[in-house]
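Good morning, and thank you for coming.

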Amino acid sequence: MSIDLGRPGDFHVHLRDGAMAELVTPQVHSGGASVCYVMPNLVPPLDNVPAVLDYHKKLQAIDNRPKYLMSLYLSPNITPETIREAKSKNIYGVKCYPAGVTTNSAHGVGSYEPFFPVFAEMEKCDLVLNLHGECPSTGNINVMNAEPEFLPTLKMLHQRFPKLRIILEHCTTRAAVEAVKECGDTVAATITCHHLFLTVDSWGGNAFNFCKPVAKFPDDRQALIDAATSGSPKFFFGSDSAPHPLEAKTKGKNASAGVFTQNASIAYIAEAFHQSGNMENLKKFVTDNGKKFYKIDDSELGKETVRLVKRPNKIPEVIEHEGVVVVPFMAGETLEYSVEWV
Ligand code: DOR
Ligand code: ZN
């Protein structure tokens, strides 16, 4: 049995820099993606156009097979003029991290109003706004309700900037799925591999399953599976593959947030679809919907296509390069599907 998936896309990746980038960047292709949307939360954050272009060159030098869609990090350094410059250099969007919610988000956003002129220019230039949809923990807000608490902000931004394409990244709750459905066509959401498998019980006690936003309740996970398998153009694949060195996951206190899935990204999704008993809309989720939202044409991508085959796919215990060790999601387990480039 095999399924032709065309040229899939992974619309949310963390490729880091240095030795970690050398380790994980080639895995975009091995995982089965022709195109990926690259997050800008490096240290320092990529909040100017020359820094983004320089990073793009570095990624291409490591592996020029995928198309890298580049993004800027929203900070006070970004002005409407930056947006025009970004547009002229084929940068696709701007990622907004609320201050302090996750890895390298210290320079993120406190309040949204000061950025309205930036959002207005993005709407004009047709750049995408990628939202990390969580409110920072304070008072009664914590990792479990941080995403639902954010949803009024999503709706407010959509109402004020109705033509601005907005993506609620890595959505994790039924409430988020419903909110995205209620918005117009310019609002979509990415769904990761790991959130199709994990719930709160999976990460309490297992730092390798800990990420932001955290996995929620079984009912939330079901809503994500239903959204992903529905074929709706509003939902598409973004792995949020977020590698951290082994030490950062095992240091005891404050394990870094992030699950690494790049190595088998499409195979994990195939597994989740298979387990849900519905493979029908797999290609829509991993290939068609994201490219349509980002206005990517297949003629911009490499010649090869991905074939999904039913063949055991053993996830390694670790992957490593030059002393950097990363533990992948479901390490040591065997998936039912593998990808082949043809
Ligand atoms: O778990 C996460 N890890 N969530 C994010 O939003 C950032 C990411 C990272 O960069 O490690
Ligand atoms: Zn991310």
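Ser 105, setting aside neighbours within four places in sequence, is in contact with Tyr 73, Tyr 97, Pro 98, Ala 99 and Gly 100, contact meaning heavy atoms within 4.5 Å. This is a predicted model, in which local features need pLDDT of at least 70, side-chain atom pairs count only at pLDDT 80 or more, and totals for chains, interfaces and linings use all residues. Residues are numbered from 1 along each chain as its sequence is written, chains are lettered from A and ligands numbered from 1 in the order written, and side-chain values use heavy atoms, without hydrogens and water.

Ser 105 has 1% relative accessibility and therefore counts as buried (under 20% relative accessible area, with a 1.4 Å probe and protein chains only). Its side chain reaches the backbone nitrogen of Val 101 at 3.1 Å.

Let us turn to the metal. Which residues are the protein donors of the zinc ion (ligand 2)? They are His 12 (NE2), His 14 (NE2) and Asp 240 (OD), at 2.0 to 2.1 Å; donors are N, O and S atoms within 2.8 Å of the metal (3.2 Å for Na, K and Ca), and since water is not among the atoms, sites may look incomplete. Their spacing in sequence is H-x1-H-x225-D. Both His 12 and Asp 240 are buried.

Finally, the aromatic residues. Ring pairs join Phe 11, Tyr 37, Phe 236, Phe 293 and Tyr 294 in a cluster, where rings of Phe, Tyr and Trp (its six-membered ring) pair if their centres lie within 6.5 Å. Tyr 37 is buried, at a relative accessible area of 0%, and Tyr 294 counts as buried at 1%.

Terms used: Buried means under 20% relative accessible area, exposed over 50%, partly exposed in between (1.4 Å probe, protein chains only). A polar contact is a pair of N or O atoms within 3.5 Å; within protein, one must be able to donate a hydrogen and the other to accept it, and residues adjacent in sequence count only if both atoms are side-chain atoms. Rings of Phe, Tyr and Trp (its six-membered ring) pair if their centres lie within 6.5 Å; planes under 30 degrees apart count as stacked, over 60 as edge-to-face and the rest as tilted.
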